[in-house]
Amino acid sequence: MENIQAFTFFSPTRIEFGKGAVGRLADEAGSVGASRPLVVTDSGIEKSPLLEPIVEDLRKAGMKVEVFSKVEPNPRDSTCHEGAEVAKRHEADLIIAVGGGSPMDAAKAISMLFTNPGKVHDYFGFYKVKKPGLPLITVPTTAGTGSEATMWAVITNTTGERNIKDAIGSPLICPSVAVVDPLLTLSLPSHLTASTGMDALTHAIEAYTSLLANPMSDVLALPAIALIYEHLMPAYANGDNQEAREHMMLGSLLAGIAFSNSDVAAVHSLAEAIGGLHDVPHGVANSIFLPYVMQYNLIAAPRRYADIAEAMGVATGDMGVTEAAQAAVTAVKQMANSLDIHKLKDTGIRPEDFDTIADVAMQNLGTPGNARKMTRESFIHVIEETYEGA
């Protein structure tokens, strides 16, 4: 009986995946009986060629569409509240998120606030949402966040002395449908391809090494690592490479479902700390910290990191477990360098910020699940190592 594991599997009700899948969006909206969708996005997507055809297809299907495009990177509580008011004025019966992680997370909060009383802050934490929100369809335009398939929404809480990214975790905010079309990522600039791709790799690696990892998350995390490691560089080098884009989109999706059924850990604790305090984009922040947290964690889970090296196809030859695990860390660091990922010094973070970052990271929901126990001092150690590029 000691070996029994209990876990619940969370994912969207349905996933439409493949080139041209976005052409099914109007049908999916109709399948939930929608006639008045609110499209939640950001100003960049609104100005791009991506949004107009989506909105036009919905209108051709006879739907009255409203667009809310005020979502910023690291979406704020106030933005979610405004979006919920727009949804209510529009008498929306469906929320459609189009974009990266920020619009998708904001859309989850807007959907929730449509049917649940109070403010976003009332729902930070686990399982505090009491009623399902409006039906939600997610349409990701990056291969990175995995938010299209998770039960999490990360929102910046602006009510305290300093901005902090907090998380809502509930199966009641899981999307109804994810429409995942890799062709929507073809126009993604190389720097965003890099940071969002490393974000997806972080999700997969943390899902596999978290203390909450289980057989169902493992079986998704390792293939996600393999797909992302093999195809991120080709997608970065040539954004028109449809094969690389498709494999990256699948890797990101698998990684999102994996961590939604395991957890993220100290990389995200640090990334969300600097995202809230200094508005560093989430993918960039994860990319910066990933190899350094891996290095710190190595002694706690060498077998798991050796498995990661194997999944990435790193030549480990006759190496022992610890040496193979180190090879995984080295490979991820080399990939980050090849992708020209920012250094921590380049983000505006300064040594005088380290204590505050560590304090905020210690409060993150993902910290207890890190493979190696994190203390305030160990967070500061990792920050210092990352800052110096050790």
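Author: A salt bridge is a side-chain nitrogen of Lys or Arg within 4 Å of a carboxyl oxygen of Asp or Glu. The model is a predicted one.

Reader: What makes the contact of Arg303 and Asp307 a salt bridge?

Author: The side chains of Arg303 and Asp307 meet at 3.2 Å, N to O. The cut-off is within 4 Å, so the pair of Arg303 and Asp307 at 3.2 Å is a salt bridge. Both residues lie in helix α11 (residues 302–311), four residues apart, which is about one turn of the helix.

Reader: Why is Arg303 called partly exposed?

Author: Its relative accessible area is 44%. Buried means under 20% and exposed means over 50%, with partly exposed in between, so Arg303 at 44% is partly exposed.

Reader: Are Glu28 and Arg24 buried or partly exposed?

Author: Glu28 has 2% relative accessibility and therefore counts as buried. Arg24 has a relative accessible area of 36% and is therefore partly exposed.

Reader: How many salt bridges does a search of the whole structure find?

Author: The search finds eleven. One of them joins Glu246 and Lys19, with the closest N and O atoms 3.9 Å apart.

Reader: Why does the pair of Glu246 and Lys19 tie together parts that are 227 residues apart in sequence?

Author: Because Glu246 lies in helix α8, while Lys19 lies in the loop between β1 and α1 (25–31). Glu246, at 26% relative accessibility, counts as partly exposed, and Lys19, with a relative accessible area of 44%, is partly exposed too.

Reader: Why is helix α8 described as largely enclosed by the rest of the structure?

Author: Because 14 of its 19 residues are buried. Helix α8 covers residues 242–260 and reaches 27 Å from its first C-alpha to its last, close to the 27 Å expected at 1.5 Å a residue.

Reader: What makes Asn241 a cap of the N-terminal end of α8?

Author: A side-chain oxygen of Asn241 lies 3.2 Å from the backbone nitrogen of Glu243.

Reader: What lies 2.7 Å from the backbone oxygen of Val382?

Author: A polar atom of the side chain of Thr386 does. Thr386 is found in helix α14 (residues 376–388). With a relative accessible area of 5%, under the 20% limit, Thr386 is buried.

Reader: Why is Ala200 called buried?

Author: Ala200 has 0% relative accessibility, so the word applies. Ala200 is found in helix α6 (residues 190–209). Its C-alpha atom and that of Ala224, 24 residues apart along the chain, are separated by 8.4 Å.

Reader: Which way do the residues of strand β9 (residues 177–180) point?

Author: Val177 and Val179 point one way, Ala178 and Val180 the other way, and all are buried. Strand β6 (residues 136–140) also pairs with β9, in the parallel sense over two bridges, and Thr138 stands opposite Ala178.

Reader: What order do the strands of the open sheet of three strands have?

Author: The order is β5-β8-β7, with mixed pairing. β5 and β7 (152–157) stand at the edges, each with a single partner strand, so one side of each is left without a neighbour in the sheet. β7 and strand β8 (residues 164–169) pair in the antiparallel sense over six bridges, and Asp166 in β8 is the bridge partner of Ile155.

Reader: Which residues make the nonpolar surface patch?

Author: Phe126, Tyr127 and Leu365 make a patch of about 290 Å². Tyr127 lies in the loop between β5 (125–126) and β6. At 47% relative accessibility, Tyr127 counts as partly exposed. A patch residue needs over 30%, so Tyr127 at 47% passes that limit.

Key:
Residues are numbered from 1 along each chain as its sequence is written. This is a predicted model: local features need pLDDT of at least 70, side-chain atom pairs count only at pLDDT 80 or more; totals for chains, interfaces and linings use all residues. Side-chain values use heavy atoms; hydrogens and water are left out. Buried means under 20% relative accessible area, exposed over 50%, partly exposed in between (1.4 Å probe, protein chains only). Two strands pair if DSSP finds at least two bridges between them. Patches are made of residues with over 30% relative accessible area and no salt bridge: like charges are joined within 9 Å, nonpolar side chains (Val, Leu, Ile, Met, Phe, Trp, Tyr) within 5 Å. Accessible areas come from the Shrake-Rupley method with a 1.4 Å probe; for residues, only the protein chains shown count as cover. The expected span of a helix is 1.5 Å times one less than its number of residues. A polar contact is a pair of N or O atoms within 3.5 Å; within protein, one must be able to donate a hydrogen and the other to accept it, and residues adjacent in sequence count only if both atoms are side-chain atoms.
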